[in-house]
Amino acid sequence: MHEAYLEGVLALVEAVPVGSVTTYGDVAAMVGAGGPRQVGTVMARHGSGVPWWRVVRADGRPAQGLVEEALSRLDAEGVPVADGRVRMVQARWHPSAAEVAEHLGRVEVLPGGR
DNA sequence: GCCGTGACTCGCA
DNA sequence: CTGCGAGCCACGG
């Protein structure tokens, strides 16, 4: 994979505010390339330096193999968790397109539109 | 180039 | 609710 992709994914994960979470699919969509699996691969290999526990699966469950670790950290940050899964409706991160572009390190959306 | 694999997702039974 | 299968994209053998 290209290094820019890796940087983009990690930058977005670091941008997720405390108390919120995002999903692999959302990150992939925000980066605008690859898919959920690519994000998962990036996190597995290079996610040790970012708040990886704020990235969960679409159903609100943490990544397999790190469930306890993630739930522990999420709960400590005040993320709404119920029965082992994050309440996505409440905790999902909804950044504006401009904000996403900002974190990606490049402007892809012009302010003011068209 | 085919095949298996993965920190994924969605639809259907 | 759970499980299964197919689709998904990129990487490594």
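**DNA contacts and helix packing**

Tutor: In this predicted model, a backbone N or O atom of Ala58 lies 2.8 Å from a phosphate oxygen of DNA strand B. That is a polar contact, a pair of N or O atoms within 3.5 Å; within protein, one must be able to donate a hydrogen and the other to accept it, and residues adjacent in sequence count only if both atoms are side-chain atoms.

Student: What are the ground rules for the numbers?

Tutor: Residues are numbered from 1 along each chain as its sequence is written, while chains are lettered from A and ligands numbered from 1 in the order in which they are written. Local features need pLDDT of at least 70, side-chain atom pairs count only at pLDDT 80 or more, and totals for chains, interfaces and linings use all residues; side-chain values use heavy atoms, with hydrogens and water left out.

Student: OK. What does Tyr24 touch on DNA strand B?

Tutor: A base nitrogen, 3.0 Å from a polar side-chain atom of Tyr24.

Student: Which elements give two or more residues to the surface near DNA strand B?

Tutor: Helix 2 and helix 3 (36–46). Helix 3 gives the largest share, 6 residues. Helices (H or I, at least four residues) and strands (E, at least two) are DSSP runs, numbered from the N terminus.

Student: Switching to packing. At what angle do helix 1 and helix 2 cross?

Tutor: Roughly 125 degrees, with the axes of helix 1 (residues 3–15) and helix 2 (residues 24–31) coming within 10 Å. So helix 1 is oblique to helix 2. Axes are lines fitted to C-alpha atoms, for helices over the stretch in contact, and angles run from 0 to 180 degrees between N-to-C directions. Under 35 degrees is roughly parallel, over 145 roughly antiparallel, 65 to 115 roughly perpendicular, and the rest oblique.

Student: Which residues make that contact?

Tutor: Tyr5, Gly8, Val9 and Leu12 of helix 1, with Val27, Met30 and Val31 of helix 2. Contact means heavy atoms within 4.5 Å. The residues divide into 6 nonpolar, 1 polar and no charged.

Student: And helix 1 with helix 6, what's the angle?

Tutor: About 120 degrees, with the axes of helix 1 and helix 6 (residues 97–104) 8 Å apart. Therefore helix 1 is oblique to helix 6. Gly8, Ala11, Leu12 and Ala15 of helix 1 meet Val100, His103 and Leu104 of helix 6.

Student: Last one: how do helix 1 and helix 3 cross?

Tutor: At roughly 80 degrees, their axes coming within 10 Å. So helix 1 is roughly perpendicular to helix 3. By class, this contact has 8 nonpolar, 2 polar and no charged residues.

Terms used: Nonpolar A, V, L, I, M, F, W, Y, C, P; charged D, E, K, R; others polar.
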